[in-house]
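User: Can you walk me through this one? I'd like to start with a helix and then move to a sheet.

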Amino acid sequence: MIELKNLSFAYEDQIEILHSVDVTVEEGEFVVICGKSGCGKSTLLRIINGLIPELYSGELKGQGTVLNQPLLTKEFNSYVRDIGVVFQNPKTQFFTSDVYSELAFAMENYGVPKVEMLTRLQEITQQFSLEPFLEKSMFHLSGGQKQLIAFASASMLEHRLFLLDEPSSNLDVETIEQLKSYLEILKAQGMTIIVSEHRLFYLTDLADRYLMMEDGRIVANWTKAELLAKAPAFLQEQGLRALTQPGLARSSKTPENTGALILECQKLRYHYRKQATALAIDQLQLSSQYITGIIGKNGAGKSTFSKLLSGLIKPKSGRILLNGQELTAKQLLKESFVVMQDVNLQLFFETVEKEITVKAKNLKVFDKVVQMLHLEPLLDRHPQTLSGGEKQRVAIASALLSGKRIIIFDEPTSGLDLVHMEEVSNTLLWLQQENILVLVITHDKEFLARTCQRVVHIEKGQLKADDLLHTEY
C-alpha cells in the first residue's frame, strides 16, 4: 500500500523538515502518527497525499510508492482519486459556500452520475447526522462543525486510503465519538487509515500501530499492545497526551474576589440575521480570580459569547460591565484580546518577532513570554511557514504582550502536544497571577483539568451550568 524509503524534505529556503524517513503501511492498517508539534507529521502526510511537490515546493529526496504509484507521479488527478484527506485547518479544503454543495463537490469534480451522487449524499448525511446543516452557509458553522463537514466531504468518494491531520482538534466529546464510529466503519470495510494526532484517547480501540516522530525522524514504531503497556510517566516523558480522558473534579472552595477584575453580563441577547436567538444569558459574573473554561457542544454559542465579550459584535440587548462600569463594544475592543480558533486569521507580518511586538504594549515581559512559549528558534521565521501548533503559540504570545486586561483563548491547545499544552497552561496561570481575566473556550478535558478553576457550560445559547473545579496542578 505505502512504501517510503530514505525520504528527506526541505521547504524552499528552509532546513530539512524530514530526515531519512522509512515508512511501510500495509493495506487495511490503521496507523497513528504522533509526536511533538513541528516534528514533521503534517509534512509527511503532504508527501503521501501528493501536495508535496504538487502544491508545496521544496527539495524532496528518496523514493517510494503510494497505492502502487510513484510519489512523483504526473497523473495527479488519478493519484488523489483514491485518497481521502482531512486537513488540520478544515477551511483550507473548502471550495463552495454552502454545506450541500461542498459535500457534492468532489463527486461533481470526478463526473459521478447524478443518481449515484444523490444516493451517496443521503448515505453520508445520515451517517454523520448532517441533516441540520445541509442548507447552511459554510460561513455560519462553528470550527468543530467545519471539521465534521471536512471529514464528511473527504468520505463522499469511496477511497482506498484516508489521511487525517489532527481531525479531533476542534471537536466536542460527542462529535469525537461520532468521528470514531465512522472511522470504525472505514476500518471494518478494509480501508487503510493514517491519522496524525495529539489526542490519543479516542484512537486506542482503532489503532494497529503508532509511529512516533521527533525532529523529522521516526524514532519509534509501536504496536497498540506495546503502547498500551507503557506507563503514563513514560508517555509524559515522550511528550505524548494521555491514552484516557481525565475527569473534572468539582470543588466547593470559593476564592475571594478582593482586587479582582469582575466582568458581568446582564440580560445579554444576540441573534444572527434571519436566525433564532444564538445567545441568551440573563446573569453571569466572571472574575480574574479564576481561569474560567467555557465548554459546550460545537455550535452551542461559545464563540458568539466570546465575540460579545470582546466587542467584536454588539449585543442586540443587555449590558456588559467591567468592575461595575458598562462598556460599549468599542471599549470592550480596547480592553480585550481574542486568540482565535483559526490563528491564520491574525498572523500578518513577515517574522514571528514582528508579529508579536508590532502592537505590543507590554514589552517588558517579552523575554519571559518568548522563553515560556519556546519561541526563540522561531523569531526570524515567517509565521505562515510554521506548523499549526507553532502558529498557536505565536498568537498566544501576541495576546500576552498586548497589555489587555481581558484575554479570551478559543481552543488554545488545538494542534499542541503535551509539552506545549503544559507550557500554555503555565502561561495562563501566570496571566492569572497578573490579575488578567482569562477565559478559555475548549473541548480539551486534559487541559481543563490542569488549568481551569471554574467551568461555565453553555448549551443552545444558554447557561446550563457553572461549576468550580479542583485542578490537578
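**Helix, core and sheet**

Analyst: This is a predicted model. Helix α6 covers residues 143–154, and at 1.5 Å a residue its 12 residues should span 16 Å; the end C-alpha atoms lie 17 Å apart, which agrees.

User: How many of the residues of α6 are buried?

Analyst: 12 of its 12 residues are buried. Among them are Gln-145, Lys-146 and Gln-147.

User: Which residues have the most contacts inside the largest nonpolar core?

Analyst: Phe-30, Leu-103, Phe-151, Leu-183 and Ile-193, in a core of 52 residues. Helix α6 gives the most to this core, with six residues.

User: And Phe-151, what is it in contact with, leaving aside neighbours within four places in sequence?

Analyst: Val-86, Phe-128, Leu-164, Leu-179, Tyr-182, Leu-183 and Leu-186. There is also a second, separate core of 45 residues, which includes Ile-295, Val-369, Ala-395 and Leu-401.

User: Now the sheet. What is the order of the four strands?

Analyst: The order is β13-β12-β15-β16, in an open sheet with antiparallel pairing. β13 (277–287) and β16 (325–326) are at the edges with a single partner strand each, so one side of each has no neighbour in the sheet.

User: How many bridges pair β15 and β16?

Analyst: Two, in the antiparallel sense, with β15 running over residues 317–322. Leu-321 stands opposite Glu-326 in β16.

Conventions:
Residues are numbered from 1 along each chain as its sequence is written. This is a predicted model: local features need pLDDT of at least 70, side-chain atom pairs count only at pLDDT 80 or more; totals for chains, interfaces and linings use all residues. Side-chain values use heavy atoms; hydrogens and water are left out. Two strands pair if DSSP finds at least two bridges between them. The expected span of a helix is 1.5 Å times one less than its number of residues. Buried means under 20% relative accessible area, exposed over 50%, partly exposed in between (1.4 Å probe, protein chains only). A nonpolar core is a set of buried Ala, Val, Leu, Ile, Met, Phe, Trp, Tyr and Cys residues joined through side-chain atoms within 4.5 Å. Contact means heavy atoms within 4.5 Å.
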